Amino acid sequence: MDGDHYKQGAMPPAYDEVPMATPQDTNIQNRSRPVQTSKPWRNPRYWRKRVWIAIAVILLIIIVIAVAVGVTQSKSNKYPDYSELSYGLSETYEGESFFDNFDYFTASGFVHYVPRAQAEQLNLTYASSETAVLRVDTSVGPNDEPNASTGRFSVRVTSRNTYDDGLFIFDIKHSPFGCGTWPALWLTNPYKWPDDGEIDVMEAVNEADDGNQMTLHTTSGCKMNVKRKQTGKAEKTDCDHDANNNAGCGVTDDKESYGESFNEDEGGVMAVEWRDAGIRIWQWARSAIPSDITSKKPNPASWGTANADFPGTKCNIGNHFRNQSIVANINLCGELTEATYSSSDCPSNCTDYVANNPDAFKNAFWEFGSFDVYQAS
């Protein structure tokens with residue numbers, strides 16, 4: 001019949017024989033072809049042992065560095081314990097006997113430090129019941145014989161008593177200044193410097209326009225790159241005399257802290273607290289002296305922020321400062337003075353100016369009220 005393509009009894013047409021895959025064959029093929037990720041290193045399951053070891057080493061290094069940085073930062077943020085101490089008056093330098101407590105240092109540079117008898121003869125040191133004065137000679141001019149061509153007369157005194165710590169109250173009525181001058185009020189052991197250290201309480205050069213500088217000078221191992229609490233401006237932070245051409249670790253105060261401005265306000269008081277925790281220095285104008293100082297019952301814990309703070313965080317105070325005497329002097333010319341002489345608008349050169357201009361040193365004198373030394377009980 002029409003449409004019937006097969007004759008009765010005929011076989012259907014043959015197809016190409018395609019073997020059927022068994023489940024077993026499929027599993028074999030899948031095992032022979034492992035699944036690959038696009039970036040196998042992202043999958044920790046495929047990391048080798050050496051990779052894990054490297055990661056462990058890197059993590060350990062990071063941890064060590066983090067701990068070291070943390071310890072360093074912690075040390076830098078440390079601050080010493082300046083807890084209150086009870087101070088009692090140990091001795092006082094004052095009145096007509098003020099200079100009896102000092103030895104006169106004699107030496108020459110472009111200054112001739114004279115002994116006591118000559119200093120008194122030239123009126124370079126004298127004392128009354130209320131004041132003690134130490135000054136530069138203003139009598140020798142260029143036409144005198146001998147003249148000052150090899151240096152001008154001046155004075156340097158060193159206390160006979162020495163100290164290993166304490167609270168020092170310095171009443172200063174007038175600070176020296178003028179081109180060619182280098183005055184200082186300081187503590188040191190002049191026979192064992194720098195091993196026993198140096199504490200500069202008041203220091204300036206020439207016209208002293210930059211204010212008072214308070215500085216420590218030591219042997220190596222005393223640094224001030226640590227947390228500090230002070231109103232003054234920190235300069236260098238390494239106190240080692242071998243570093244920075246013996247600049248020490250200084251703190252500079254404002255312009256009113258020294259020289260003409262300081263003197264116009266009738267001077268003021270400097271206080272130095274020297275203890276194992278650190279060394280702190282304060283300054284007050286005459287009209288602002290704390291009542292506990294005038295009553296001779298000083299309490300540094302009540303004075304607020306110091307003008308200069310030298311913590312013992314990275315400086316063993318007891319090892320670097322000992323056997324100190326109180327020193328007051330007025331040097332002339334010298335390295336520090338001449339380094340800033342021209343920039344201070346000073347005329348000629350330092351040595352010629354000092355030698356030929358005696359009247360220029362009328363303001364080159366210290367005037368002290370009294371020095372009180374207290375010890376902790």
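Begin by selecting Ala208, which has a relative accessible area of 7% and therefore counts as buried, the cut-off being under 20%. Keep in mind throughout that this is a predicted model. Ala208 sits in the loop between β10 and β11 (213-217), and its phi is near 60°, a positive value in a residue other than glycine.

Now select Glu266, which also has a positive phi, of about 65°, although it is not a glycine. Glu266 belongs to the loop between α4 and β14 (268-275), and its relative accessible area of 53% makes it exposed.

**The whole chain**

Zoom out next, so that the entire chain is in view. Its secondary structure comes to eight helices and 18 strands, and of its 377 residues 44% are buried. The chain exposes about 20,800 Å², of which carbon and sulfur atoms supply 50%. If you consider the contacts in the chain with a separation of 6 or more, residues 24 or more positions apart account for 73% of them.

**Two patches on the surface**

Which residues gather in a patch of negative charge on the surface? Select Asp209, Asp210, Glu235, Asp254, Glu256, Glu260, Glu264, Asp265, Glu266 and Asp345 together, and you have that patch. One of its members, Glu256, lies in the loop between β13 (249-252) and α4 (259-264), where it counts as partly exposed at 46% relative accessibility.

For a patch of another kind, select Ile53, Val57, Ile61, Ile65 and Val69, which make a nonpolar surface patch of about 450 Å². Within this group, Ile61 is placed in helix α2 (residues 49-76), and with a relative accessible area of 46% Ile61 is partly exposed.

**Salt bridges**

Side chains of opposite charge can pair when their charged atoms come close. In this model the count comes to nine salt bridges, and the tour visits some of them here.

Select Arg160 and Asp103, whose side chains meet in a salt bridge with an N to O distance of 2.9 Å. This pair links distant parts of the chain, 57 residues apart, for Arg160 is in the loop between β7 (156-159) and β8 (166-174) while Asp103 is in strand β2 (residues 102-104). Asp103 counts as partly exposed, at 38% relative accessibility.

Move on to Arg116 and Glu120, where the side chains form a salt bridge of 2.8 Å, N to O. Because the two are four residues apart in helix α3 (residues 116-121), they are separated by about one helical turn. Arg116 is partly exposed, with a relative accessible area of 27%, and Glu120 is likewise partly exposed, at 42%.

Then select Asp137 and Arg152, whose side chains meet in a salt bridge of 3.6 Å, N to O. Asp137 lies in the loop between β5 (132-135) and β6 (152-154) and Arg152 in strand β6, so the pair ties together parts that are 15 residues apart in sequence. Are these two residues buried or exposed? Asp137 counts as buried at 2% relative accessibility, and Arg152 is buried too, with a relative accessible area of 1%.

**Contacts across the sequence**

Stay in strand β6 and select Ser154, which is buried, with a relative accessible area of 0%. Leaving out residues up to four places away in sequence, Ser154 touches Val111, His112, Tyr113, Val114, Leu124, Arg135, Val136 and Ile330. The C-alpha atoms of Ser154 and Val111 are separated by 6.4 Å, although the two residues are 43 residues apart along the chain.

Select Pro347 next, in the loop between α7 (334-339) and α8 (350-356); at 39% relative accessibility, Pro347 counts as partly exposed. With residues up to four places away in sequence again set aside, Pro347 touches Cys179, Tyr341 and Tyr353. Pro347 and Cys179 are 168 residues apart in sequence, and their C-alpha atoms are 8.2 Å apart in space.

**Two cis peptide bonds**

For the last stops, select Glu145 and Pro146, which are joined by a cis peptide bond with omega of about 0°. Pro146 is found in the loop between β5 and β6. Finally, select Trp193 and Pro194, where the peptide bond is again cis, with omega near 10°; Pro194 lies in the loop between β9 (181-188) and β10 (198-203).

Note on methods: Residues numbered from 1 in each chain as written. Predicted model: local features only at pLDDT ≥ 70, side-chain atom pairs only at ≥ 80, totals over all residues. Heavy atoms only, no water. Patch = residues over 30% accessible without salt bridge, like charges linked within 9 Å, V, L, I, M, F, W, Y side chains within 5 Å. Areas by Shrake-Rupley, 256 points an atom, 1.4 Å probe, with all protein chains shown as cover. Salt bridge = Lys/Arg side-chain N within 4 Å of Asp/Glu carboxyl O. Lys, Arg positive; Asp, Glu negative; His and termini not counted. Charge placed at Lys NZ, Arg CZ, Asp CG, Glu CD. Buried < 20%, exposed > 50% of the residue type's maximum accessible area, 1.4 Å probe, protein only. Contact = heavy atoms within 4.5 Å.
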